[in-house]
Amino acid sequence: MFLSATISQNPRLAEYAVYLHQKGQIRPNTYVLDLDVIRDNAAKLAEKAQKHGLNLYMMTKQIGRNPEAAKAIADSGIHKAVAVDPWEALHLAESGIPLGNVGHLVQIPSSMVASILDHRPEVITVFSTEKAREISEAARTRHRRQDIMLKVLGKEDMVYPGQWGGFREENLAEAVQTIKGLPGVRIAGVTAFPCLLYDGEDIVPTSNFHTLIRCARLLEDILDRPLDQINAPSATCCASIPLLKSLGATHGEPGHALTGTTPLHQHAGQPELPAMVYISEISHRDHEVAYAYGGGYYRRSQIQQAMIGRSLDEMMNRRVSLRKLEPEAIDYTLELEVGKMPVEAGETVLLAFRTQIFVTRSEVAVVSGLQTGSPQLTGIYDSLGKQLS
């Protein structure tokens, strides 16, 4: 999906990733992150957000909760993280990254509420009055009050499978009255997901966004005060920040923009540059199909093409298509349609696609100095951000 964009806009990353694999310094099924470009992308996002009066939280699940990359992002102006689940929140907090939003898209389990509160997140997203009550009780034992954010759903809103949850718009007013009476929490804002999506040409608001704004106005009327947050995640990037602001959002949560891999980044001209590639290796072949080691496949990745060879120069004329992997399959291997092309075991396979590293069994290699001509491999991590070497 992003192979052509990466080769044209960040060839040094592709070249060095192939070099590392051929030298045996990284293994197949490894994502390679360009720390310099991630840092630069974060700085561009931070500057754009500041210009438009928008606040940002970094999302790191796509890059495997990588603490090295997260610290670079924080140093570049996006200081706090949104954690997709409490395990990510704890990992980031223990790595020194301040927590912004915890609890969206996964609620905090009852046994983990106390440990999350001990890391003092700016806000916790809740889907129910029961969860708000748990947080209130835990906050009271700590003699403090925790800001919370309500996730809302409208009748016409879309929700991805496995992500259902939130306050239905028609029941919101009643729920707010209950939560107002909880002494350990304060309603600080409202959120929904996904608020923006790419429609094939541009990033546009969804029904969820309009629900978010209606619910924000309702909350402000009930509470008789402005909300601190109207948080509108999904597809946050330099191109969409003005839209977020114009529609009434106060917060965005860039994830794929940090690696230049939102769907919009298939096309040239975006401020954020590609900062991630995936490396595999030819395992074997059978007639006109070659098989590369898998482990990093993500069902919505839309992998289309790969390049094969032992150097980037060689690969330029050795681009092949991938066979679609069915949803019920385990990605032990990726199937490459090589035709009559000579292919050898051990050759590098280079790909670039939309990912969620935290749901894979991949490794993550972080490299720096590429853009200044002094490349170095600074660390290798697992898919959940634990350093391996």
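**Entry 1: largest pocket**

I started with the largest pocket, which is lined by 42 residues. Nearest its centre I noted Lys 61, Phe 193, Tyr 298, Arg 300 and Gln 356. The model is a predicted one, and I read everything below with that in mind. I looked up the volume of the largest pocket and found about 910 Å³. I then sorted its lining by residue class: 21 nonpolar, 13 polar and 8 charged.

Where does the largest pocket lie relative to domain 1 and domain 2? I checked which domains supply the lining: domain 1 (2–34 + 269–381) and domain 2 (79–253) both give residues to it, so the largest pocket lies between them.

**Entry 2: second largest pocket**

I went on to the second largest pocket, which holds about 220 Å³ of space. Its lining has 13 residues, and those closest to the centre are Tyr 297, Arg 299, Arg 323, Lys 324 and Leu 325. By class I recorded 6 nonpolar, 3 polar and 4 charged residues in this lining. Which strand gives the most to it? I found strand β18, residues 333–337, with 3 residues in the lining.

**Entry 3: the two domains**

I took the domain bounds from the assignment, which lists domain 1 as 2–34 + 269–381 and domain 2 as 79–253. Over C-alpha atoms, I have the centres of domain 1 and domain 2 separated by 35 Å.

Which residues of domain 1 lose the most area to domain 2? I found Glu 272, Arg 300 and Phe 358, which together make up 75% of what the domain 1 side buries. Arg 300 was already in my notes as one of the residues nearest the centre of the largest pocket.

**Entry 4: UniProt records**

The record places "domain: Alanine racemase N-terminal" at residues 34–263. I have that span as 38% helix and 19% strand, with its end C-alpha atoms 19 Å apart.

The record also places "domain: YhfX-like C-terminal" at residues 277–377. How much of residues 277–377 is helix, and how much is strand? I noted 4% helix and 41% strand, with 14 Å between the end C-alpha atoms of the span.

Key: Residues numbered from 1 in each chain as written. Predicted model: local features only at pLDDT ≥ 70, side-chain atom pairs only at ≥ 80, totals over all residues. Heavy atoms only, no water. UniProt positions renumbered as here; feature names shortened; annotations may be inferred. Helix = DSSP H or I, 4+ residues; strand = E, 2+ residues; numbered from the N terminus. 1 Å grid on protein atoms, 1.4 Å probe; cavity = no way out; pocket = protein on both sides within 12 Å on 5 of 7 lines; lining within 4 Å. Points joined across faces, edges and corners; volume = space filled by probe spheres on them. Nonpolar A, V, L, I, M, F, W, Y, C, P; charged D, E, K, R; others polar. Domains from an automatic or database assignment. Buried area = accessible area lost by both parts, 1.4 Å probe.
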